[in-house]
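Here is a colleague's note for your first read of this model. Keep the structure open as you go through the points.

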Amino acid sequence: LARWNADGTLVNALIAHCGDSLSGIGGVKRPGIVHRIDKDTSGLLIAAKNDMAHHALSKAFADHSIERAYKCLVWGLPSPKAGSIETLIGRHPTHRQKMAVVTRNGKEAITHYQVEQVFGLGASLVECRLETGRTHQIRVHLRALGHPLLGDDAYGGPPAPRLLLHAAWLQVPHPRSGALLRVTRAAPFPAPFWPAALPRDLADLW
């Protein structure tokens, strides 16, 4: 799903796989798409195959009934190794394409983080659970903590082959029954996620 691309997008793949069975909400440009992740983020995304499911899932996102977690590689070691970050997030005052922690005219943003593995002084593997879903929330919050994501050029992260942020799992209420469904490991880390400079193959962690 990409605003300026006519082909090679998630929407193209969904149409090829599902045909006309996708939810029509959003029209031809966004068939079945319930939510979105940043362009350079990999991992899980929910798509609805009918309008009933689309309405129910959209409501669950609006009600914060969806639990979701991301894995990321950050610069250094956050201290403490687990905690919550609660701020307002709004447009950066001078760089309007970026977001920032602000003191007013922003939206509440809450991220719970847990360091899962440490690699010397250079990097840490961190899981982030979101209570809210603000634009660039994890990237902004970890930057504010002093530990930007590797490969995040926009927010001061060290160089890497790509933005090292991955949507790892989702827990959603079934659109019809309401039973909780947890989806995980359906989306492996992409090959360039694990920098060669770090000593362990990411597949061993996933």
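**Notes on the model**

1. Start with a charged pair. The side chains of Lys 71 and Glu 127 form a salt bridge, N to O, at 3.2 Å. The term means a side-chain nitrogen of Lys or Arg within 4 Å of a carboxyl oxygen of Asp or Glu. Lys 71 sits in strand β2 and Glu 127 in strand β6, so the pair ties together parts 56 residues apart in sequence. Strands here are DSSP runs of E, at least two residues long, and helices are runs of H or I, at least four; both are numbered from the N terminus.

2. A word on the source. This is a predicted model, where local features need pLDDT of at least 70 and side-chain atom pairs count only at pLDDT 80 or more, while totals for chains, interfaces and linings use all residues. Residues are numbered from 1 along each chain as its sequence is written, and side-chain values use heavy atoms, with hydrogens and water left out.

3. Glu 116 is in strand β5, 45 residues from Lys 71. Lys 71 is buried, at 9% relative accessibility. Glu 127 is buried too, at 16%. Glu 116 is partly exposed, at 38%. Buried means under 20% relative accessible area, exposed over 50%, and partly exposed in between (1.4 Å probe, protein chains only).

4. The count of salt bridges comes to four. One of them joins Lys 59 and Asp 63, at 2.6 Å, N to O. Lys 59 is exposed, at 53% relative accessibility. Asp 63 is partly exposed, at 41%.

5. Now the inside. The largest nonpolar core has 16 residues. Such a core is a set of buried Ala, Val, Leu, Ile, Met, Phe, Trp, Tyr and Cys residues joined through side-chain atoms within 4.5 Å. Among the members that touch the most others are Tyr 70, Cys 72, Val 126 and Cys 128. The elements giving two or more residues are β2, β5, β6, α3 and β7. Another core, of 11 residues, lies apart from it and includes Val 34 and Val 172.

6. Cys 72 is buried, at 0% relative accessibility. Cys 128 is also buried at 0%. The whole structure has zero disulfides.

7. Look at β7 next. Nine of its nine residues are buried. Two strands pair if DSSP finds at least two bridges between them. β7 runs parallel to β1, with two bridges. β2 and β7 pair in the antiparallel sense over six bridges. β7 and β8 are antiparallel as well, over five bridges. Six residues lie between the strands in the β7 and β8 hairpin, where Gly 178 takes a positive phi near 85°.

8. Finish at Thr 132, in the loop between β6 and α3. Thr 132 is buried, with a relative accessible area of 5%. Its side chain reaches the backbone nitrogen of Ile 110 at 2.9 Å. The Thr 132 side chain also makes a polar contact with the side chain of Gln 137, at 2.8 Å. A polar contact is a pair of N or O atoms within 3.5 Å; within protein, one must be able to donate a hydrogen and the other to accept it, and residues adjacent in sequence count only if both atoms are side-chain atoms.

Conventions:
A disulfide is a pair of cysteine sulfur atoms within 2.5 Å.
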